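Here is a short briefing on a protein model. Take a look at the fold before reading on.

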Amino acid sequence: YSSAVQKFSQTLQSFQFDFIGDTLTDDEINIAESFKEFAELLQEVELERSMMVQNASDLLIKPLENFRKEQIGFTKERKKKFEKDGEKFYSMLDRHLHLSSKKKESQLQEADLQVDKERHNFFESSLEYVYQIQEVQESKKFSIVEPVLAFLHSLFTYNNLTVELTQDFLPYKQQLQLSLQNTRNHFSSTREELEDLKKRMKEAPLTCKLPGQPTIEGYLYTQEKWALGISWVKYYCQYEKEAKTLRMTPMDQKPGAKQGTLDLTLKSCVRRKTDSIDKRFCFDIETNERSGTITLQALSEANRRLWMEAMDGKEPIYHSPITKQEEMELNEVGFKFVRKCINAVETKGIATEGVYRTVGSNIQVQKLLNAFFDPKCPGDVDLQSGDWDIKTITSSLKFYLRNLSEPVMTYKLHKELVLAAKSENLDYRLGAIHALVYKLPDKNREMLELLIQHLVNVCEHSRENLMSPSNMGVIFGPTLMRAQEDTVAAMMNIKFQNIVVEILIEHFGKIYSGPPEDTTPPPVPPPRVAARRHKPITISKRPLRERPVFFGASVEESGAERHSQAPNGSGVEAPRPLHRSRLPAPRPGGEEPGRPPAEGRPDARAEAEVGKLVARLQDGGVKPASKAANGLVASPALRTNTLQARRPAPRPGIYGREGEYDGVPKPRSHSDKPVITRPPVRPPDPPCRAPIHPRLEPRPDLAAGSAEETPSSV
């Protein structure tokens, strides 16, 4: 499982998103960097997991193996020596008892000396063996439990890390979900525009006009009159509207023909009447270079209409499907219509869920527009009446704004506004859009202010209507702004149009408080060689915390260097698992990590250390203590059998969490959790221990005599 997670993490780390367009939105940058954040998160979890597995070996298995080999193995050697010395002593004693009393006194004395010597050896072996048995039985109570306790601490520290990572991940998750939702909204808006563009292209598949450009090019057939009749010759034609030049390149050149490319200057263009020629889709042009008219045939009716529109021919120009020219301009009737719609929405529908996002019926929308823009009585419609619901009013307002002959924010400033929204500098974005707003014509700026003020009011009720500035940007971005060119590239900039409207809503007060102080246009950012890199949102990184020293480490505290035999958790707020290899080097004397030092140590120190760790594991519980106030132990007699899992009676003189003495145990903050207690402690170790190292001074927070107590005999 861990290997699979690590491989998955590496895949996420190396994954690269591909994006269409030259610039990414801030939300897209967050999404592009999200897999790297996920990979780092998984790597951190798996690192801690591997450390936990390593701790199982370093903190649990190796100490127990060392205890078995060194303590129990040493006891078995003592047992063998005891049995050997006993057999030797009793065999000699048997021989000694069979000695005759008639032997010389010197021989008997020598035999007695040998027996006494063997008896002394046997006595020493028996004492060493019994003492070793007693030492193993007593030391295993802590030498076996301490590694298990340390490993459990490592295990729960790993679990605690996952909780911390979850807490750090939640804010990032919420921000990323917001970026994903915004990107999804932009995608939905762009998809609608692209589907509309695709539909228009399907309806006119042979359209050869380059939208927004003065040039039109494509195939035309030219009527040429010869002596023997009339023929139609295919030409590839290119027309420059500004210079009124038409270049005609023949496509059906015959071998040996001298006919080449013709460059003509257009004078006029007229549609050819259908009944005047037996060919369809024809129109006539007049040029300066040729006398008379030139009859051209387009590839379709739509194609002829585009050529005549480019050549300013006498052919009507078809606009978007809106019925009346009055609806296409920002005039008094239009302002009246917008104000009435705004008043109706703010009066009876501002708290409606999904206002402006919910679409009304097309039939009702056309009915409202036809009634309001009726030339006989324009504006004579009461939108406050119950005849018009909110969906119809909001859809009519959007329809009117979207079908203006020129968008509210004008074609002229469209590219500059999109460029400002693409900037990675937030201050530049706001400053540039602020300046560009005041470059709009007066009527357009007045209409924009009216609309943005209304959208601000709607967003103030976002708790009820669920319409945030980002949602409003998605709806009104394509409504207030649109490119003059109907291209896929222009559609990909719709998300930046949405950002412009979002900025206008969020900073309405500043933008419409007055023109910017510096009236000069903001500097244009240099062109980008590659896509910009914006600092994305990240998972909050916690500072590295100290890890606890479980065994064999020295920590200086209160000016005294102490040697730790029991787990030590003091001074660390949130300990983590620790590799055994990261522990400090062993102290002079050759003791190994995970074993009691050869020189011995005060039991009070070990008891206090274990008490601190146990209390910390209880997360706020009372620390059990092993010493009375005077440093002496008050405990029942020792037993060699296993420890009983029962709670001892409360002992007087328990130390508080910070070492202060109190006569009674302090109550737990969480009454539902039991207090972890330990069985009564044993007396100090027997005299076979080496003397206390001079550097191992007693801790000042324990009784002064605790380290110098005279140990009891075996």
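This is a predicted model: local features need pLDDT of at least 70, side-chain atom pairs count only at pLDDT 80 or more; totals for chains, interfaces and linings use all residues.

Residues are numbered from 1 along each chain as its sequence is written, and side-chain values use heavy atoms, without hydrogens and water.

**Overall make-up**
- The protein has 17 helices and 10 strands; these are DSSP runs (helices H or I, at least four residues; strands E, at least two), numbered from the N terminus.
- Of the 714 residues, 42% are buried (under 20% relative accessible area, 1.4 Å probe, protein chains only).
- Among contacts (heavy atoms within 4.5 Å) with a separation of 6 or more, 72% join residues 24 or more positions apart.

**Cysteines**
- The disulfide count is zero, where a disulfide is a pair of cysteine sulfur atoms within 2.5 Å.
- Cys 269 is buried, at 3% relative accessibility.
- Cys 341 is buried too, at 1%.

**Helices α4 and α15**
- α4 (residues 145-203) packs against α15 (residues 494-506) at about 125°, with axes 9 Å apart.
- Axes are lines fitted to C-alpha atoms over the stretch in contact, and angles run from 0 to 180 degrees between N-to-C directions.
- His 186, Ser 189, Thr 190 and Glu 193 in α4 meet Ile 494, Lys 495 and Asn 498 in α15.

Terms used
Buried means under 20% relative accessible area, exposed over 50%, partly exposed in between (1.4 Å probe, protein chains only).
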